[in-house]
Amino acid sequence: MMRSLRFFDDLAQTIASHPPMQLGVVYPCSVPALQAAAGIAARGLAVPTLIGPAALIRQMAATSGIDLTACHIADVATPEDAARHGVQMAHGGKVAALMKGSLHSRIFLHELGHHEGGLRTTRRMSHVYVIDAPQAPRVLLVTDGAVNIAPEIDMRRDIVQNSIDLARMLGLDQPKVALLSAVEMVNPALPSTLDAAILCKMVERGQITGGILDGPLAFDNAISPEAAACKGVVSPVAGLADILVAPDLEAGNILAKQMTFIGQAQAAGIVMGMRVPVILTSRADPVPVRMLSCLVAAVMIRHGYGGNPVASMDQCG
């Protein structure tokens, strides 16, 4: 049964009366990145500072008919320098959030995670997709499909906690978390099932808080009550999952992109565990994904995540 996609519209209403945040857009040297920045400013979500080569940015905008009058531009020559400058702006409180433009993720993440000048916290950074798909039973969070390749158990604990924290900021008071594997029984030959069992014990010991965990769960019995009943899986999470924790980056990335490109989902993506919200877009992401990701970042800031330098629209030019 097809659902009406209202989640992001309803989310936008929660911040409609709040002033726009300051947003650093790192190396936005592509038409989609500039279109997104202009759209974000037009919707009042943020006042973007475009961090990159000013002449190229203005030329691309003029050629494509993109109005950047509501944006600042910080003239920085290279992707590496742009990433470094964006992190410095976040450190100095000049921007409340960062968005990746058209530079490679590796360059962006390197500066974010730098031990001395980056935006690291005691929490491991991880990526969360927020996906509203018409054929899904509810809005789903998928993690981690972009940052941690093959996380060890301590990293997985942070991945789970980061996703729970985000879900709660998005209005899910006690999200149900499915620890995905290929099967729902613990199998010593399948490491993801052992990790799931350990993570569930961590919940019992208070090492993970704020959500209800179960796993291992296969995707079908995490999403479908009928599949869970058919397999005899009795669980407070089975068939009702809000958060899907993939066993590795490949599984999380493929799952999220299937839902977006084939399932026609509305999607946003955010990096958690940093000092400020970080929007890690793919260079192939369309403009709506970038704008919805900014919306999620703005909601995070409203809930007190990171700093919040309030923008003054009359400062833009």
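# Two domains in a predicted model

User: How many salt bridges are counted between domain 1 and domain 2?
Analyst: A salt bridge requires a side-chain nitrogen of Lys or Arg within 4 Å of a carboxyl oxygen of Asp or Glu. This is a predicted model, in which local features need pLDDT of at least 70 and side-chain atom pairs count only at pLDDT 80 or more, while totals for chains, interfaces and linings use all residues. Side-chain values use heavy atoms, without hydrogens and water, and residues are numbered from 1 along each chain as its sequence is written. Between domain 1 and domain 2, the count of salt bridges is 0.

User: Which residues make up domain 2?
Analyst: The bounds come from an automatic or database domain assignment. For the protein chain, the assignment gives domain 1 as 17-120 + 275-280, and domain 2 as 123-273.

User: How far apart are the C-alpha centres of domain 1 and domain 2?
Analyst: The two domains are in contact (heavy atoms within 4.5 Å), with 8 residues taking part from domain 1 and 8 residues from domain 2. Their C-alpha centres are separated by 30 Å.

User: Which three residues supply 62% of the area that domain 1 buries against domain 2?
Analyst: Buried area is the accessible area (1.4 Å probe) that two parts lose on being put together, summed over both. Between domain 1 and domain 2 it is about 600 Å², and carbon and sulfur atoms give 67% of this. On the side of domain 1, 62% comes from three residues, more than from any other three: Leu-109, Val-278 and Leu-280.

User: What radius of gyration does the protein chain have?
Analyst: The secondary structure comprises 11 helices and 11 strands, taken as DSSP runs (helices H or I, at least four residues; strands E, at least two) numbered from the N terminus. The globule rule, 2.2 Å times the number of residues to the power 0.38, is compared with a radius of gyration over C-alpha atoms. For 317 residues the rule gives 20 Å, so the chain is as compact as a globular protein of that length, its radius of gyration being 20 Å.

User: In which strand does Pro-216 lie?
Analyst: The peptide bond from Gly-215 to Pro-216 is cis, with omega near 5°. Pro-216 belongs to residues 212-217, which form strand E8.
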